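Here are my notes on the model, as numbered points. Please read them alongside the coordinates.

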Amino acid sequence: MQLFCTVLFINSLLFFSVSVHCRVHISHTKRQHNNDHSISQISLPPSPSPEPYNPNVNVFDVRAFGAIGDGKADDTQAFKMAWDSVCQAETESVTLLVPELHSFMLQSSIFTGPCRSNIVFQLEGTIMPPDGPNSWPRNNSKRQWLVFYRIDGMSLQGGGLLDGKGEKWWNLPCKPHKGANGTTLPGPCDSPVTLRFFMSNNLTVKGLKILNSPQFNFRFDNCKNVHIESLIIKAPALSPNTDGIHIENTNNVGIYNSVISNGDDCVSIGSGCYNVDIRNITCGPSHGISIGSLGSHNSRACVSNITVTDSVIRSSDNGVRIKTWQGGSGSVSKVTFNNVHMDNVRNPIIIDQYYCLAKGCANQTSAVYVSDIQYTNIKGTYDVRSPPIHFGCSDAVPCTNLTLSEVELLPAEGELMSDPFCWNAYGDLQSLTIPPVFCLLDGVPRLNPQDDIEKC
């Protein structure tokens, strides 16, 4: 056992000093691994914290809690013990280290707060889930993998990798994906989101790589003050529902300097979001940057103060999109798309208030009100299978105050330009556009649903 502690000391890069605490803790951890009881999805209630080897260095290496990091052993319990220790640390800031050159396999886990200090979750190695749905423990949720709940003041950062191992999930027969001869196989079904923050504030996510998520890569629900930067997110173009970053009921968000290629939206903005700044995103292949879908099942949705600037969207089904269901209510307002370059995008600019995932959706009179949307310096090429500009607004609740300036969109192939499409869309051209947009209606409609914005 003393020899094992010496090896641990060397691998810990001199972060800690060998002590009697080390021998006692390792013996305890070994008994944990020999325990046949199932592992809870939720982190254990805080217990007395194991002391770090050097109390002057507030770094907790997961290997000190029994994590193996060989890609095969189940390291879930070790990570939860490490989390409970950093969460209860009586310092201003503490670091949980996932070291490089190691691969840690974790089951579905919820890391809970509130914590006593600000936590730096330093991911330098690789974290991966069980290999596909057949390896997923039966009692664990198949809708989520790693969840941080009620955390305030956390930074998840480093040069490490979250490897979602999503291929076996994408190929489930219930997944909506392309089949033979142009058919579509049915869906949806449960698949885990790689990383979810729920009811958490003052968060930073920076520098990570995420590969092959089973479903959404990142999801933020009911969060405030979120800073996301320098992410690399990759999944195949046909991987279903692999949204890069999804936010819902979350405000004061910055998403910067990231590269996202996946099988759905690069960034998707759901109901209850406001004050969102997206800048310098390279997106595609993908479904573009989307607000929505909003108003499903006759629900109320409110989104405002969204800005997308200095970004590139390439080889994608959509560019910048607003999508709502018929029958919803609420509003989308004060949205700016500025300096966005399109490279062979099928629908560079699109508002779709008839969004529907199946044929034969019933027409309904109510709709989410779309107003005060600005498109400035949107340039590049489009896939000629669809019009470069599509404003499909509700019959009963028209879009208002759409503004276009310096829009230049040319066909990626050939010379024939497609005409823009407008339906019940009111707006203004502040400069000449390519192609010319003659279909916008002037002024404001006689029945203006401005009250919906005030209620939001």
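Does Asn-339 count as buried, partly exposed or exposed, and at what relative accessibility? Point 2 answers this.

1. Basis. This is a predicted model, in which local features need pLDDT of at least 70, side-chain atom pairs count only at pLDDT 80 or more, and totals for chains, interfaces and linings use all residues. Residues are numbered from 1 along each chain as its sequence is written, and side-chain values use heavy atoms, with hydrogens and water left out.

2. Positive phi. Asn-339 is not a glycine, yet its phi is positive, about 55 degrees. Asn-339 sits in strand β24 (residues 329–345); strands here are DSSP runs (E, at least two residues), helices likewise (H or I, at least four), numbered from the N terminus. Asn-339 counts as partly exposed because its relative accessibility is 32%. The cut-offs are under 20% relative accessible area for buried, over 50% for exposed and in between for partly exposed (1.4 Å probe, protein chains only). Asp-372, also not a glycine, has a positive phi of about 60 degrees. Asp-372 lies in strand β26 (residues 369–382) and is partly exposed, with a relative accessible area of 26%.

3. Cis peptides. Most residues other than glycine have a negative phi, and most peptide bonds are trans. Gly-113 and Pro-114 are joined by a cis bond, omega about 0 degrees. Pro-114 is in the loop between β5 (109–112) and β6 (118–123). The bond from Gly-292 to Ser-293 is cis too, with omega near 10 degrees. Ser-293 belongs to strand β21 (residues 289–294).

4. Helix α3. This helix covers residues 76–87, 12 residues in all. Its C-alpha span, first to last, is 16 Å, close to the expected 16 Å (1.5 Å times one less than the number of residues). All 12 of the 12 residues are buried, so α3 is largely enclosed by the rest of the structure. Among them are Lys-80, Trp-83 and Asp-84.

5. Parallel strands. β11 (residues 193–198) and β14 (residues 218–221) pair in the parallel sense over four bridges; pairing needs at least two DSSP bridges. Leu-195 stands opposite Phe-218 in β14. β14 also runs parallel to β17 (residues 245–248), joined by four bridges. There, Arg-219 faces His-246 in β17.

6. Surface. Where is Met-417 found? Met-417 is in the loop between β28 (399–411) and β29 (421–423). At 35% relative accessibility, Met-417 counts as partly exposed.
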